[in-house]
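Hi there,

Here is the structure I promised to pass on to you. Have a look at it first, and then read my notes below.

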Amino acid sequence: MASALFATPAHGSGKPEFPAEVYGGAWTSGHVQGIAVDEKKGFMYFSFTNLLVKTDLAGRPVGSVTGFTGHLGDLDFNAKDGRVYGSLEYKEAQAFYVAIFDVDRITSLDMDAETANVVTAVYLKEVVADYSADMNGDGTFDGNVGDTPDHRYGCSGIDGVAFGPSFGKRHGKQKLTVAYGVYSNTGRQDNDHQVLLQYDITKWRAFERPLTQAAPHTSGPARPDGKYFVYTGNTTYGVQNLEYDGYTGKWLMAAYKGVKPQFPNYSLFTVDGSARPTRGPVKGQPQPEQGDLLRLSPEGLHHPETGIRGWESGGQYGLASLDDGRFYVTQDGKIVEDGVTKQTAHSRLHRWTGQTPTPFERIQ
């Protein structure tokens, strides 16, 4: 059920034509969290919180992976190995993973995440350490709640994932960047950054294990290859969708708006990927701390009191760059069929304009 309209490829891009809209279907699941596009083979992947759906670019379902008891978030396609990577959380078990989908094996509906041999997972020790940090030293970890001083940097787990070059470079080896979820909490000052971990996944196959949700494994890298901080003001659950745009060299971070009144609470932020990180103080921490800082791009709306820049924009439910000035931006929705409420997703083609207040223009 895709739009019959097809968008003309960018001039001189050499890109194939892509439909103006791809419908992700209607499912008894959680809401859509993210998308990934295999441009060469012509598939789109949708994360519906506890369900992965594979469609062709006409919106016809090709397969799905079910049985997730955790939270499946943002997705990205790795062109080098042809697999889809996504954030996967088990907050109660204090286990956070990158889920890796062997998407060529996803050929039918309702394939089981644990038994169908299509999913492996890599454990992220750094995320677990920050999520489970006992920040007030009372000897008790307060669990999956935002209204607590626990959770270093306000870490609620992970959401956004994207492949792109090392920060400070436009090109080069593609690394996997994972963005923290961040609790909304107006009573603390140490949760006003987006936290990004960057991993060289060249040797990750040694860490990959099948998904065992009743007994979560702990196989993963000891630490990230880089940890970076972007001062945006507190957001509600951090970077929902992270994307690197090879056309502009920018990293895009789509978030649910924050509620702290001293911040502009934008819903989209960008970082110039070619700007080198700088070493400096991580603002608001209970003890003075130095970290690798990334600066927001000098564009978009500007909040003079804080210096923060950004946009009022969509992208929180799915964002995928075609690396030629065009993006798929996903909107969630609900329909009722035979008395059953189902979640839907519409991924619509846009071009990046950089205009304020919203930088995307829909391509009809």
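In this predicted model, Phe77 has Val84 of strand S9 as its bridge partner. The two strands involved, S8 and S9 (residues 83-90), run antiparallel to each other and are joined over six bridges. As background, strands of a sheet pair through backbone hydrogen bonds, either parallel or antiparallel.

Zooming out, S8 and S9 belong to an open sheet of five strands with antiparallel pairing, in the order S8-S9-S10-S12-S16. Strand S8 (71-78) and strand S16 (209-210) are at the edges with a single partner strand each, so one side of each has no neighbour in the sheet.

Now for the aromatic rings. How many aromatic pairs does a search of the whole structure find? The search gives 21. In one of them, the ring centres of Tyr244 and Trp251 are 4.9 Å apart and the planes are at 55°, so this pair is tilted. Tyr244 and Trp251 are both buried. Together with Phe167 and Tyr228, they form a cluster linked by ring pairs.

Another pair to find is Tyr256 with Tyr317: the centres are 5.9 Å apart and the planes at 50°, so this pair is tilted. Tyr256 is in strand S19 (residues 250-256), while Tyr317 is in the loop between strand S24 (308-310) and strand S25 (319-321), so the pair ties together parts that are 61 residues apart in sequence. Tyr317 counts as buried, at 19% relative accessibility.

Finally, look for charges over rings. The charged end of Lys54 sits over the ring of Phe43, 4.4 Å from its centre, and Lys283 lies over the face of Tyr231, 4.1 Å from the ring centre.

Enjoy exploring!

Terms used: Residues numbered from 1 in each chain as written. Predicted model: local features only at pLDDT ≥ 70, side-chain atom pairs only at ≥ 80, totals over all residues. Heavy atoms only, no water. Pairing = 2+ DSSP bridges. Helix = DSSP H or I, 4+ residues; strand = E, 2+ residues; numbered from the N terminus. Phe/Tyr/Trp six-rings, centres within 6.5 Å; stacked < 30°, edge-to-face > 60°. Buried < 20%, exposed > 50% of the residue type's maximum accessible area, 1.4 Å probe, protein only. Lys NZ or Arg CZ within 6 Å of the ring centre and 35° of its normal.
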